[in-house]
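Please open the model in your viewer and keep the selection tool at hand. The tour below goes from one selection to the next.

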Amino acid sequence: MAHILGMEDVGISLGSRPILSGINVSLEDGNTIGVVGPNGGGKSTLLRLLTRDLEPDTGRVTMVSGTRFAMLSQADDLSSDHTVGEAIHGDVETFQWASDAKIRKLHAGLIPDVDLSRRVGELSGGQRRRVALAATLVKPADVVILDEPTNHLDIEGVTYLAEYLNSRFGHGEGALAVVTHDRWFLDSVCDRLWEVVPGHDGAGGRAPVGGHVETYEGGYAAYILQRAERQRLAQQDAEKRSNLLRKELAWLRRGAPARTAKSKFRIEAANELIANEPPPRDTVELARMASQRLGKKVVDLEDVSFSWPGADEPVLEDVTLRLAPGERIGILGANGAGKSSLLGLIAGSLEPTEGSVKTGKTVELAVLSQNTQELDEVSHRRVVESVADIKTHVEIGGKPRSASQLVEQLGFTRERAWTPVSELSGGERRRLQFLRLLMREPNVLLLDEPTNDLDTDTLAVIEDLLDSWPGTLVVVSHDRYLLERTTDHQVAIMDRGVRDLPGGVDQYMQLARAQVPATSQSEAHRAEAAAGGESQANTANPAKQREARKAMERAERRMTRVREQIDKLGLEQADVAANVSQTEDYATLANLGKQIAVLKDELELLEIDWLDAAERAENYS
């Protein structure tokens, strides 16, 4: 692989405080680098050093002459007066870029819902972000640097972006460096990871140490394995170090019998060990909180439709969804499909246009919204005070914990715990929002894009909490990793309705690809016309597609009946188990168990039949 650029002992400071120090990394053709680390640790600073947007205070950055960069920062520099076409392609004539099939495909993958003639100032935040991403990727560049590119992308967009980057950099030409908290994306795209480990202020703030970069081969899964092994080895070294410290300190406590050179050496050695001992790393510790008892009925939506006032078309139509106690469900759908509206109906913050929403009497419901605007009400309060406003103490694991203890366990240092809420970073606000939510001890938790502004370590800890959380959980997220780990099954909002996904996220991706938006099709046709190209022949077979869809419907109806039978037998089994006293009762239990097992096998076969039919329907579309 050809060398592109390298950093040699690079360091940079903010005033007297070092941000990064001793950085030694390099980029070569074909490299796809994922940059991870906690919020505020220096990831964006590292990217700016790579592009020479920042000059290092120490060390040097070398690169091959003529290296071209394309960088997507977290804040775009698009002009609101430009059209989308001008923002992406500048002064390049339409026929020039439209003749490139890769660029047309990039348009269809990232901005299928955006007309190129629209002004940038008219776009939503998500659309503007996707336009900025497209503008970055069309530039001819040797090194592409992306800072949080998956923000505002739905699952289809994230999947397309991963496929595009793998295709572009899979031939050993050019290099990619990307900062993202999307673990699935890291695993799909990156062949190595750079972890930015933050520095510390040292004992009493007298000996600050800058952050450094640790490198790992492979994607996110390989990174976690290697990191765990490194931590195990570091723990062994720490135990040896601790033993040496105890010996030295024990000797000092006994007192030196004389001021000999040997005793002075022992004292100096012990003091050096103590002085060099870094402060403990901030840990994010979340413990399972007690939840209110949840009855048999949670939330039922029956034949619900919802429209925004003045809208021509409904957002949701004829939706029936029943949440069971302890159910863990993930909701998928394109941007604007109605996911947040569905959460609003479940939470009771929105009223259905038609149908009914029934909520159980024992439900204690809490919602984690996409933004942190609710914290504006306590912006004048300090972090500890904002938590104590809800509850001063909660019981966790049989032990009472104060608000200040919980705040510290959530990763806030003692100094940050007394910081006004208005001065917190985006990631800190998100953590505080989550803690205040849990302090209310809900038994139904609705999470709307919970991964926003959280680093991978914090995400892992929150997922660990959700793994053991006993209530009903509903998650709306574009983070495929989070959905597949924390929920047992998924549904999709498509065609204004809710569709069950026995095949999970993979099935949703198949269905989404089959529903190519008309806007993207017309855009592709316009581009082909501008380039003088011709559209490909239509290979659809409507008759076979209808047959496949009928097979899907038959399988769905049969699956519904089988699930109802399983639920009914499960209730009978529970009743018998609650009153078991004789041998006949145990025989009945065994018989019910066998019937349920047979039905589950049948359900699995039906799901396979449904998936086969769905694949046929897609092929003939």
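**Stop one: a buried threonine**

Apart from neighbours within four places in sequence, Thr159 is in contact with Trp184, Met509 and Arg513. Keep in mind that this is a predicted model. Thr159 sits in helix 6, which spans residues 155-169. Is Thr159 buried or exposed? Its relative accessible area is 7%, and Thr159 counts as buried because the cut-off for that is under 20%.

Select Ala221 next, in helix 8 (residues 220-254). Ala221 is partly exposed, at 40% relative accessibility.

**Stop three: salt bridges**

How many salt bridges does a search of the whole structure find? The search finds 25.

Begin with Asp506 and Arg480, whose closest N and O atoms lie 2.2 Å apart in a salt bridge. Asp506 belongs to helix 17 (residues 504-514) and Arg480 to helix 16 (residues 480-486), so this pair ties together parts that are 26 residues apart in sequence. Asp506 is partly exposed, with a relative accessible area of 45%, whereas Arg480 is buried at 12% relative accessibility.

Now select Glu556 and Arg499, a salt bridge with 3.8 Å between the closest N and O atoms. This pair links distant parts of the chain, with Glu556 in helix 19 and Arg499 in strand 21 (residues 497-501), 57 residues apart. Glu556 is partly exposed, at a relative accessible area of 30%, and Arg499 is also partly exposed, at 22% relative accessibility.

Move on to a network: Asp191, Arg192 and Glu217 are joined by salt bridges that share partners. Asp191 is partly exposed at 28% relative accessibility, and Arg192 is partly exposed at 25%.

**Stop four: a charged patch**

Finally, select Arg546, Lys550, Arg554, Arg557, Arg561 and Arg616, which form a patch of positive charge on the surface. Which helix supplies the largest share of the positive patch? Helix 19 (residues 542-578) does, with five residues. Arg546 lies in helix 19. With a relative accessible area of 52%, Arg546 is exposed, because the cut-off for exposed is over 50%.

Terms used. Residues are numbered from 1 along each chain as its sequence is written. This is a predicted model: local features need pLDDT of at least 70, side-chain atom pairs count only at pLDDT 80 or more; totals for chains, interfaces and linings use all residues. Side-chain values use heavy atoms; hydrogens and water are left out. Patches are made of residues with over 30% relative accessible area and no salt bridge: like charges are joined within 9 Å, nonpolar side chains (Val, Leu, Ile, Met, Phe, Trp, Tyr) within 5 Å. Accessible areas come from the Shrake-Rupley method with a 1.4 Å probe; for residues, only the protein chains shown count as cover. A salt bridge is a side-chain nitrogen of Lys or Arg within 4 Å of a carboxyl oxygen of Asp or Glu. Lys and Arg count as positive and Asp and Glu as negative; His and the chain ends are not counted. The place of a charge is taken as NZ of Lys, CZ of Arg, CG of Asp or CD of Glu. Helices (H or I, at least four residues) and strands (E, at least two) are DSSP runs, numbered from the N terminus. Buried means under 20% relative accessible area, exposed over 50%, partly exposed in between (1.4 Å probe, protein chains only). Contact means heavy atoms within 4.5 Å.
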